[in-house]
Amino acid sequence: MKSLIHGLFLDELTAVIREMDAPAFRAKQIWHWLYEQRITTWDAMKNLPTELRAKLAERFELTPARALEITGTEDEARKILVGLGDGECVEEVLLPSGDRRTVCVSSQVGCKFACAFCASGQAGYKRNLLAGEIVGEVLLAAAVWGDRPGNIVFMGVGEPFDNYDNVLRAIRILNHPDGLGIGARRITLSTCGVIPGIQRLAEEGLQLELSLSLHAPDTATRGQLMPVNRRYPLADVLAACKAYAEKTKRIITFEYTLVRGVNDSPAQAEDLARLLAPLPARVNLIPLSPVEGFEGEPTPPETARQFIRTLERAGINATLRDSQGSRIKAACGQLRIRRLATT
Ligand code: SF4
């Protein structure tokens with residue numbers, strides 16, 4: 001397999017161009033074609049000598065990801081089944097909201113963490129995505145919208161901190177001012193609680209948003225929903241979050257999927273408020289969406305409202321997430337599973 005040109009930093013591309021006996025300024029021209037014009041053929045790089053284009057084509061792949069299937073309509077959340085160079089596939093979700101365009105990208109082909117209500121974990125883990133493939137997902141969203149996304153969330157297939165180096169490389173490429181220039185504060189990394197990733201991210205000096213999938217205020221319930229809790233127990237994860245917040249001065253978002261009779265009682269809302277009181281935290285409550293293989297039921301709307309009121313009374317900033325976005329997101333992984341079943 002050729003390497004992906006979208007996985008290179010600008011200085012790395014400059015070094016490659018010099019190796020090809022071309023002047024360094026060509027790298028900036030190529031970068032412009034890749035990220036401002038977002039071209040899809042080498043021939044479209046019109047101001048590059050033919051010989052240089054041929055050398056690049058011999059060494060690099062220009063299409064890191066392809067849209068195999070797009071579901072949904074322009075005004076609502078759309079899901080793309082993304083084909084990769086080796087025949088694997090992942091999913092991404094495009095979430096428009098007024099002028100805001102958010103793309104939810106995948107970081108791995110499959111996932112090792114097997115959270116109970118997540119389709120992505122059910123088909124097992126295959127491999128990490130390369131940085132260029134993650135950049136490719138964002139470019140596919142830009143192609144569908146005809147403009148670059150304003151926000152990126154890593155909440156698709158995979159655990160981003162289990163593919164730390166490729167994810168951070170992709171983020172630095174996407175954040176580059178001469179590239180797509182997507183601000184770090186507009187990029188959210190969502191983790192199921194992989195402590196070494198939280199600790200490393202605290203040292204990066206990037207203003208990224210961190211989101212933690214919590215889903216329960218006690219270790220027994222969390223362990224039932226999220227097997228990762230055995231490896232990284234709740235108390236240790238929250239200590240890592242506290243250290244992260246102190247180091248970065250950033251607010252952390254806690255994702256909490258409400259499951260009827262499992263984690264939605266008034267006592268659990270009070271426990272959650274107590275647990276998060278020492279942290280700069282906001283809570284996203286997510287209505288459970290049906291996922292094959294998980295028998296849990298969604299919390300009734302009145303119970304959800306009561307849950308949120310308890311948090312608010314305790315001074316915790318909480319929102320009930322838009323059901324359209326959460327519906328399509330929670331089912332993330334199902335297109336891929338369907339495809340695996342038919343190939
Ligand atoms: S929620 Fe995230 S970490 Fe858990 S199985 Fe799904 S993709 Fe993996």
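Let me begin with a definition: a residue is buried if 20 or more other C-beta atoms lie within 10 Å of its own, exposed if 12 or fewer, and partly exposed in between, with C-beta atoms placed from the backbone. Before we use it, please keep in mind that this is a predicted model, where local features need pLDDT of at least 70, side-chain atom pairs count only at pLDDT 80 or more, and totals for chains, interfaces and linings use all residues. Residues are numbered from 1 along each chain as its sequence is written.

Now, let's look at Lys-249. Is this residue buried or exposed? Lys-249 counts as exposed, because it has 9 C-beta neighbours inside 10 Å. You'll find Lys-249 in the loop between α10 (234–248) and β12 (252–258); helices here are DSSP runs of H or I with at least four residues, strands are runs of E with at least two, and both are numbered from the N terminus. Its phi is near 60°, a positive value in a residue other than glycine.

Ala-114 also has a positive phi, near 50°. Ala-114 sits in the loop between β7 (108–110) and α4 (119–122). With 15 C-beta neighbours inside 10 Å, Ala-114 counts as partly exposed.

On to the ligand, then. Ala-114 is among the residues surrounding the ligand, and so are Phe-113, Glu-159 and Ser-213; a residue is near a molecule if its C-beta atom, placed from the backbone, lies within 6 Å of it. The shell around the ligand divides into seven nonpolar residues, four polar and one charged, where Ala, Val, Leu, Ile, Met, Phe, Trp, Tyr, Cys and Pro count as nonpolar, Asp, Glu, Lys and Arg as charged, and the others, Gly among them, as polar.
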